Amino acid sequence: MTRRLFDEDSYIALFYATVLKCEKCENGYCITLDKTAFFPTGGGQSCDTGKIGDAEIRDVFEKDGEIFHIADRELIVGKEYDCGIDWDKRFSKMQNHTGEHILSGLAHTHFGCTNVGFHLGNDEITIDFDKKLSDIDIAFLEMRANKAVFNNLAVKAYYPEPSELEKMNYRSKLDLKENVRIVDIFGVDLCACCAPHVKSTGAVGLIKIVDFQSYKGGTRLYILCGKDAYEDYVQKSQTVREISVLLSAKQSDIDLAVKRIFEENAALKVQISEAKQKALNSAISKLETGKRNLCIFADDFDANQMRQLANKAAEMCEGICGIFSQKQNSFSYVITSRNIDLKTNSQKINAAISGKGGGQSTMICGSAFADKEAIISFIENFEV
Ligand SMILES: [Zn+2]
């Protein structure tokens with residue numbers, strides 16, 4: 001059985017170990033060692049990566065109580081190698097994992113929550129509680145969690161005797177009675193856990209609940225601790241700084257400045273809508289009566305205005321009514337008619353105005369690439 005160095009001291013990053021077995025497997029070579037600091041995937045936490053000699057270790061897993069390291073090259077059985085885990089990654093996981101214990105312990109004490117899910121991935125860290133928590137509950141939880149960090153409480157991991165374990169009130173997902181590893185965060189949490197943690201809460205640095213949502217009748221928390229929380233703060237600080245410059249507002253006032261912009265935007269939308277309606281009414285009032293076909297250029301009109309004007313124009317003439325609006329190198333068009341089937345005539349119309357588009361028998365829409373004079377001449381003289 002491999003000696004579990006991560007169990008004895010979570011701060012061991014470099015160590016010597018002898019290869020006991022090396023077998024070719026699907027993803028490389030499957031290695032077992034006499035001792036290892038590589039923590040295998042388990043308990044919601046991904047495995048350590050690193051090196052055994054020159055071999056890259058990308059996967060470590062446990063099966064039937066044995067720890068297997070997947071190496072990218074063959075290693076010599078019986079030889080002792082210098083080994084190292086990727087410490088930055090491991091330490092970050094220890095910060096996040098310990099932070100998770102602190103939050104879960106406090107949520108259990110203060111809100112009676114049970115942790116029903118934990119995921120410590122490379123991109124996202126989530127904790128699922130079985131109870132709904134409010135904004136105020138979350139703020140309280142975060143404040144108390146960081147207080148536990150600032151108080152630099154001892155974090156101990158040990159295997160109590162069964163008789164001692166029986167008397168302990170600890171959180172656990174499994175109903176084990178023997179060989180239970182207890183992680184004790186002084187006065188904050190008592191939990192069965194096999195993963196490596198920091199040795200005192202101060203090393204967690206910072207606990208930030210970056211988001212939360214209702215999840216399966218309870219609450220899912222998205223958290224960042226330590227280095228991850230710091231990097232998130234750096235990125236968000238930069239964003240806040242840039243927004244404050246853009247808004248010419250103090251960093252602490254950017255929410256108010258954004259609210260003001262939203263209000264101004266809403267008022268402008270009303271003004272634009274009123275101006276559009278006014279322009280449409282004016283265009284409708286100028287529609288000529290008594291002409292067989294109508295061709296109107298309304299360059300500032302949007303698609304909705306063009307359709308409304310075209311429908312009004314269709315009521316005023318027997319033939320076809322074309323509304324055109326200048327785009328970069330073409331015209332948008334809406335053509336309507338009460339009496340002529342535009343669907344069957346669309347090919348002929350598009351050919352004449354170098355256009356593409358289609359629609360229903362009473363209205364077709366599209367783009368025209370012919371010049372203005374050619375369009376006017378064709379529409380005004382249109383005959384079936
Ligand atoms: Zn743990």
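User: How many bridges join strand β2 to strand β3, and in which sense do the two run?
Analyst: This is a predicted model. In it, six bridges join β2 (residues 14-25) to β3 (residues 28-33), and the two strands run antiparallel.

User: Which residue of β3 is the bridge partner of K24?
Analyst: K24 has Y29 as its bridge partner in β3.

User: What about β2 and β8, how many bridges there?
Analyst: Five bridges join β2 to β8 (residues 80-85), and these strands run antiparallel. L14 has G84 as its bridge partner in β8.

User: And which residue of β8 stands opposite I52?
Analyst: C83 of β8 stands opposite I52. Strand β5 (residues 50-52) is joined to β8 by three bridges, and the two run antiparallel.

User: So what do these strands build, in which order?
Analyst: They belong to a closed barrel of six strands, running β2-β3-β7-β6-β5-β8 with antiparallel pairing. On average, neighbouring strands of this sheet are turned by 45° against each other, ignoring direction.

User: Remind me what holds strands of a sheet together in general?
Analyst: Strands of a sheet pair through backbone hydrogen bonds, in either a parallel or an antiparallel arrangement.

User: How many bridges between β11 and β12?
Analyst: Four bridges, with β11 and β12 (residues 182-185) paired in the antiparallel sense. Y158 stands opposite I182 in β12.

User: Staying with α2, how does it cross α5?
Analyst: The axes of α2 and α5 (residues 226-247) come within 6 Å and cross at roughly 95°. That angle makes α2 roughly perpendicular to α5.

User: Which residues make the contact?
Analyst: On α2 they are S92, Q95 and N96, and on α5 they are G226, K227 and D228. By class, the contact of α2 with α5 has four polar and two charged residues, and no nonpolar ones.

User: Now α6 and α7. What is the crossing angle?
Analyst: Roughly 25°, with the axes of α6 (residues 254-285) and α7 (residues 303-314) coming within 10 Å. α6 and α7 are therefore roughly parallel to each other.

User: Left-handed or right-handed?
Analyst: The crossing of α6 and α7 is right-handed. K276, L280, A283 and I284 of α6 make the contact with Q305, Q308, L309 and K312 of α7.

User: How do the residues of that contact divide by class?
Analyst: The contact of α6 with α7 divides into four nonpolar, two polar and two charged residues.

User: Last topic, domains. Where are they?
Analyst: The chain is divided into domain 1 (3-85), domain 2 (90-239), domain 3 (249-282) and domain 4 (287-380).

User: What separation do the centres of domain 2 and domain 4 have?
Analyst: Taken over C-alpha atoms, the centres of domain 2 and domain 4 are separated by 66 Å.

Notes. Residues numbered from 1 in each chain as written. Predicted model: local features only at pLDDT ≥ 70, side-chain atom pairs only at ≥ 80, totals over all residues. Axes fitted to C-alpha atoms, helices over the stretch in contact; angles between N-to-C directions. Parallel < 35°, antiparallel > 145°, perpendicular 65-115°, else oblique. Left-handed = near helix turned anticlockwise from the far one by under 90°. Contact = placed C-beta atoms within 7 Å. Nonpolar A, V, L, I, M, F, W, Y, C, P; charged D, E, K, R; others polar. Pairing = 2+ DSSP bridges. Domains from an automatic or database assignment.
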